[in-house]
Structures are given as structure tokens and as C-alpha cells.
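The sequence and structure come first.

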Amino acid sequence: QVQLVESGGGLVQPGGSLRLSCAASGSIFSISAMGWYRQAPGKQRELVADITSGGITNYADSVKGRFTISRDNAENTVCLQMNNLKPEDTAVYYCNPKGTTHWGQGTQVTVSS
């Protein structure tokens, strides 16, 4: 059974930084591309960034140059470093093995002065 636990969210001022982590259990991690998604109130869940098992990354245009996704296959973790945060980044952030329906509980990120 796959379990995903996201952490690292919080309240930060515009321009600030946060680092999100996702701990994954199960053998699926090492063979899966992993994605970070977010869902803001009243909006659909959207892809923020993803990374293949080999480390190839992809970013939504809205976060390019500000966010960095990384993974540690030995530790079964995927991280999202978020810099220069903006109010529009406020959302619940989730990690997900691409192409699956496995989701964690998410971690809330609020960017506000």
C-alpha cells in the first residue's frame, strides 16, 4: 500500500521561502515520476512540478525560476523548494506518483502579509 505524507507548509510573507517534503512508502516511489500539485480554494488541482525517476524536471510556467523539485530515491522523498513566494501560491500542496490515484493529506501553504 502506498502512503504519502506531505509536510513543510505554513504561513509566509510574500517574497519568503518554504521547503515542502513528501515521504512515500512502498516500492512505487523508485520507479515513478513524482509530481507536486496544488489546489487553491474554488479552483481545480493543478500540476506545479514533476520529476522523473532519473531526475528530469518539469515546471508550470507560473513557478519557473522560483520553485525547484528534487528527489532522494534512497530515502523515498521528494521535495519542493519554493522561493519568492507570491499570494497566488496560496493553496494546499500534494505530492503524487504520476499516473496514480495515490494522494496524501496535503500541506497548506499561505502567502500573506
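Asn 84 lies in the loop between β8 and β9; helices (H or I, at least four residues) and strands (E, at least two) are DSSP runs, numbered from the N terminus. The model is predicted, and local features need pLDDT of at least 70, side-chain atom pairs count only at pLDDT 80 or more, while totals for chains, interfaces and linings use all residues. Residues are numbered from 1 along each chain as its sequence is written, and side-chain values use heavy atoms, with hydrogens and water left out.

Asn 84 is not a glycine, yet its phi is positive, near 50 degrees. Its relative accessible area of 42% makes Asn 84 partly exposed (buried is under 20%, exposed over 50%, partly exposed in between, with a 1.4 Å probe and protein chains only). Asn 76, in the loop between β7 and β8, is another non-glycine residue with a positive phi, about 55 degrees. A further loop, between β3 and α1 (28-31), holds Ser 27. Ser 27 is exposed, at 64% relative accessible area. Its C-alpha atom is 12 Å from that of Thr 77, a residue 50 places away along the chain.

## The four-stranded sheet

Strands of a sheet pair through backbone hydrogen bonds, either parallel or antiparallel. Here, an open sheet of four strands runs in the order β1-β3-β8-β7, with antiparallel pairing; two strands pair if DSSP finds at least two bridges between them. β1 (3-7) and β7 (67-72) are the edge strands, each pairing on one side only. From one strand to the next, the twist averages 15 degrees (axes are lines fitted to C-alpha atoms, for helices over the stretch in contact, and angles run from 0 to 180 degrees between N-to-C directions).

β1 and β3 run antiparallel and are joined by five bridges. Val 5 has Ala 23 in β3 as its bridge partner. The covered face of β1 consists of Leu 4 and Glu 6, and its uncovered face of Gln 3, Val 5 and Ser 7. β3 is also joined to strand β8 (residues 77-82), again antiparallel, by six bridges. Leu 18 stands opposite Met 82 in β8.

## Cysteines

How many disulfides does a search of the whole structure find? There is one, a disulfide being a pair of cysteine sulfur atoms within 2.5 Å. It joins Cys 22 to Cys 95, with an S to S distance of 1.9 Å. The link of Cys 22 and Cys 95 is right-handed, with 45 degrees about the S-S bond. This pair links distant parts of the chain, 73 residues apart: Cys 22 is in strand β3 (residues 18-25) and Cys 95 in strand β9 (residues 91-97).

Cys 22 counts as buried because its relative accessibility is 0%. Cys 95 is likewise buried, at 0%. Cys 79 is in no disulfide, and the nearest cysteine sulfur, that of Cys 22, is 8.7 Å away. Cys 79 is buried too, with a relative accessible area of 11%.

## The nonpolar core

In soluble globular proteins, nonpolar side chains tend to be buried together. The largest nonpolar core in this model has 26 residues, of which Trp 36, Leu 80, Met 82 and Tyr 93 touch the most other members. Such a core is a set of buried Ala, Val, Leu, Ile, Met, Phe, Trp, Tyr and Cys residues joined through side-chain atoms within 4.5 Å. The elements giving two or more residues to this core are β3, β4 (34-39), β5 (46-51), β7, β8, β9 and β10 (107-111). β3 gives the largest share, four residues.

## Tyr 93 and Thr 107

Leaving aside neighbours within four places in sequence, Tyr 93 is in contact (heavy atoms within 4.5 Å) with residues including Glu 6, Leu 20, Trp 36, Phe 67, Leu 80, Met 82 and Thr 107.

Thr 107 is placed in strand β10 and is buried, with a relative accessible area of 9%. Not counting residues up to four places away in sequence, Thr 107 touches Glu 6, Ser 7, Gly 8, Gly 9, Leu 20, Ala 91, Val 92 and Tyr 93. A polar atom of the Thr 107 side chain lies 3.0 Å from the backbone nitrogen of Gly 9.

Definitions and conventions. Polar contact = N/O pair within 3.5 Å; in protein donor to acceptor, adjacent residues only side chain to side chain.
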